[in-house]
Amino acid sequence: MTNENKLHELQRLTALQKDIQQGIATRFALEDEGLLNALAAASEQGLPAIQISPIQGKMLQVLAAACNAQKILEIGSLGGYSGIWLARALPPAGRLITLEINPKHATAVRNAFAHAQVDDRAEVRVGKALELLPGLEGEAPFDLVFIDADKENYPAYLDWALRLSRPGSIIVADNCVRRAFEQPSDGYTTGVTAYNQRIVDDPRLVSLLLPMDNNYTDGFAISVVKSIEKM
Ligand code: SAH
Ligand code: DHB
Ligand code: MG
């Protein structure tokens, strides 16, 4: 192949990846008014647009159904976008607790939850996740834990997720793909790299990285908890 043909082939593949992602999102992961409102409000308030994608939101709902989730824990709420996807996967008596360090974000989350009418089952707690997590032991086990806060602490969040789980719980961590395979190395990279190594090595977990966004370059680390024996 000539260089020109190679370039065309790459461009064709990139366009196809985008069409596939958009096609899946349109058919399987439509955003409702509550989700769209959360995005608009976050944007108006100047929050960074680093929420999960619709396909990731639907993936969280698929995983919530797979573990019959009644109680869900989220670490890192931002404007409540992923929280609404999670809360909508719960039965009426279910519970989502989401942890957020930034009080401004937490206020946005409360408003977004109320607007999406999930405030009967979804609650945000404000503070450093590592300081709030010990207080959750009385509310465990959680069926699903979604980790999406400061990447440096991902390994510590995994310890807590296991501690607050039951066999059959599912632990999901965002942003574990791209930076784990990229240079240069910083706290973000070392955090997700260490996280990935831990979930591969831990015999209590069966895990996989699943690229699903940004042309399949970033995505979730997904782990199913087989046992919670102390190691
Ligand atoms: N899950 C959200 C995106 C979260 S972005 C969504 O997809 O919609 C990461 C969030 O984690 C930010 O709001 C940030 O303020 C919060 N965060 C960062 N460090 C934290 C910590 N130590 N404890 C709790 N939250 C933290
Ligand atoms: C960042 C954090 C996220 O959770 C994300 O999905 C994207 C970017 C960040 O801190 O840059
Ligand atoms: Mg993220």
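## Salt bridges

A salt bridge is counted where a side-chain nitrogen of Lys or Arg lies within 4 Å of a carboxyl oxygen of Asp or Glu. In this predicted model, local features need pLDDT of at least 70 and side-chain atom pairs count only at pLDDT 80 or more, while totals for chains, interfaces and linings use all residues. Residues are numbered from 1 along each chain as its sequence is written, and side-chain values use heavy atoms, with hydrogens and water left out.

By the salt-bridge rule the count is 13. Arg95, Glu123, Arg125 and Glu139 are linked in a network of such bridges. Within this group, the side chains of Glu139 and Arg125 meet with an N to O distance of 2.8 Å. Arg125 lies in strand β3 (residues 122-126) and Glu139 in the loop between α6 and β4 (144-147), so the pair ties together parts that are 14 residues apart in sequence. The helices (H or I, at least four residues) and strands (E, at least two) are DSSP runs, numbered from the N terminus.

## Accessibility of the paired residues

Residues are called buried under 20% relative accessible area, exposed over 50%, and partly exposed in between (1.4 Å probe, protein chains only). Glu139 counts as partly exposed because its relative accessibility is 28%. Arg125, at 21%, also counts as partly exposed.

Arg178 and Glu182 form another salt bridge, with the closest N and O atoms 2.9 Å apart. Arg178 is partly exposed at 39%, and Glu182 is partly exposed at 32%. A salt bridge also joins the side chains of Asp202 and Arg204 (2.7 Å, N to O). Here Asp202 is buried, with a relative accessible area of 4%, and Arg204 is buried at 13%.

## Second largest pocket

Asp202 and Arg204 are among the residues that line the second largest pocket. A pocket is found on a 1 Å grid over the protein atoms alone, as an open set of points where a 1.4 Å probe fits, with protein on both sides within 12 Å along at least five of seven lines; lining residues have an atom within 4 Å of a point. Grid points are joined across faces, edges and corners, and the volume is the space filled by probe spheres set on the points.

The second largest pocket holds about 260 Å³. Its lining also includes Asp159, Arg163, Arg198 and Lys230. Helices α7 (154-163) and α8 (187-201) each give two or more residues, and α7 gives the largest share, 3 residues. By class, the lining has 7 charged, 3 nonpolar and no polar residues. Asp, Glu, Lys and Arg count as charged; Ala, Val, Leu, Ile, Met, Phe, Trp, Tyr, Cys and Pro as nonpolar; and the others, Gly among them, as polar.

## Largest pocket

The largest pocket has a volume of about 800 Å³. It is lined by 42 residues, of which Ile50, Gln51, Asp148, Asp174 and Asn175 are the closest to its centre. Elements giving two or more residues to this lining include α3 (54-66), β2 (95-100) and β7 (218-225). The largest share, 4 residues, comes from α1. The lining divides into 17 nonpolar, 16 polar and 9 charged residues.

## Nonpolar surface patch

Leu13, Leu16, Ile20, Ile24, Phe28 and Tyr216 make a nonpolar surface patch of about 510 Å². Such a patch takes residues with over 30% relative accessible area and no salt bridge, and joins nonpolar side chains (Val, Leu, Ile, Met, Phe, Trp, Tyr) within 5 Å. Areas come from the Shrake-Rupley method with a 1.4 Å probe. Leu13 is placed in helix α1 and, at 39% relative accessibility, counts as partly exposed.

Note on methods:
Chains are lettered from A and ligands numbered from 1 in the order in which they are written. Patches are made of residues with over 30% relative accessible area and no salt bridge: like charges are joined within 9 Å, nonpolar side chains (Val, Leu, Ile, Met, Phe, Trp, Tyr) within 5 Å.
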